[in-house]
Amino acid sequence: MTAASTPMVGLLYNPAVPLVLDALGARVDYVEVIPDRLWYDYGPQAGRNRFSHAALAIDELRRHCADRAVIGHGIGLSLPSAMPLDEAVLDQVAASHRDLGYEWYSEHLSMFLAPHRSVPNAQAGMGLPVPFDEEVLEIVSGKVRRLSDALGGARILMENGTIFSEVPEPDMSEPEFFNRLAAESGAGMLLDLHNLYANCLNLGVSAQDYLAALDPAIVVEIHLAGGDRLKGHYTDSHSRRTPSPVWEWAHEWAPRFPNLAAITFEYHESYHRRLGLAGIAEEVELMADLAARVGEARREAAA
Amino acid sequence: MSLDHFQRGLADLIASPELVRLVRIEPRALDYLYDLTPKEARRLAAIAASPGMEANCMLYRANRLAPVALNLPDLCDALGEQLNPLISAYWAAEPTTDVHFLVEADRFCRYLLARPDALPVAAWPALQREHGQVLSKLAASRHWAGREIFKDRGGGSPAYA
């Protein structure tokens, strides 16, 4: 990433995205792959047969990666959980990286795996909030370093989550946690502006205060998405196009992030028809406009 | 270290509206269930009392219902009003989910098969047919088990370092 470069624009890969890639071609610079969706995990008790890969899906993904960059975006390692990394899953993530060549790899600053469970690979059912404490910072920092080592030194990013209940009495604020995490582990930030939007609506978080408190240098990627209202709450369901306030924040703040390298639109395949190919293409064009604006600002600053 | 107990308690809360109600009435119940510091106990009690707990519990149920609804639609129809109490009992017995939808659907079927008296007679044909379909898909998904599919292409050099 150079000071005068323009961020890439891309899509979170799902089974419907190949239709978009075939239609939009080079207008999509990269795909962001969730490696956990490339295999079936039968748990440690299955021994050497624990993982069975989705071979056809991987072949199709390779076809679309041939002339595009690839970013890895995991959900299965649950770095904030108070338990060791699942080394077998980590091995699979590393194998996928050796094959697909991730530009960088991101995980979530949310708890997906619950400690003390009887079911192998047991998931909590959703991403849960984590305490922004020194203890969690130390746990996540150590795992970030271990993950980076396993991926041959690849850069690791951590994504801010969407939550419905805050953990009170934190040692530090969420932006401070990300700043400290970057300083202590080298992890960059995947700034999900739609998650921030949901937290603003659900918890009264101030987006401006949050964004102003972040070290601008740690933000490497931005996520955009849309969601739904659910009985007085707002969900990050990846079901709609990006809401206007999120676009406004993106245009206001993205030019201030000197290391921003990618802007990603996320949607779930079950909403492909609702969004429509034309709607997704418009999101890609809007992201390209934003990326061009960031690039122009960088060139002006460098001149 | 008690962070693991805090995280387990948090996962238990979103999986159990009954536990949320109990903790809202009697926060000291947490002390009997988990090994928590006073601060962690205050945190869990505050989370249980928060307005967002309703959304947490709803989303947990929606996420757990998805693999069952997608893979066992006729069984869900056949269970009718019995679906809610049966699947709630299953979730209480098995509070964690498996990310593999087919495994999760198979687990629910096996839970029902172990409790034949709780199952409406009219639901048996759908259970047997759709469980068989799930097992077939599971067998197919195991086709590549133990075989390495990823190729070592050098890992790609991170463009951003």
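Strand E6 (residues 102–108) of chain A and E9(A) pair in the parallel sense over 4 bridges, where two strands count as paired if DSSP finds at least two bridges between them. Helices (H or I, at least four residues) and strands (E, at least two) are DSSP runs, numbered from the N terminus.

I noted that this is a predicted model, in which local features need pLDDT of at least 70 and side-chain atom pairs count only at pLDDT 80 or more, while totals for chains, interfaces and linings use all residues. Residues are numbered from 1 along each chain as its sequence is written, and chains are lettered from A and ligands numbered from 1 in the order in which they are written.

Next I turned to strand E5 (residues 69–73) of chain A, which runs parallel to E6(A) and is joined to E6(A) by 3 bridges. Here A:His73 stands opposite A:Ser106 of E6(A). Between E5(A) and E6(A) the chain passes through helix H3 (residues 87–100) of chain A in a right-handed β-α-β crossover, meaning that, with the strands pointing away from the viewer, the path from the first strand over the helix to the second runs clockwise.

Last, I looked up the contact between the chains, to which chain A gives 52 residues and chain B 49, counting two residues as in contact if their C-beta atoms, placed from the backbone, lie within 7 Å. On the side of chain B that touches chain A, helix H5 (53–71) of chain B gives the most, with 9 residues.
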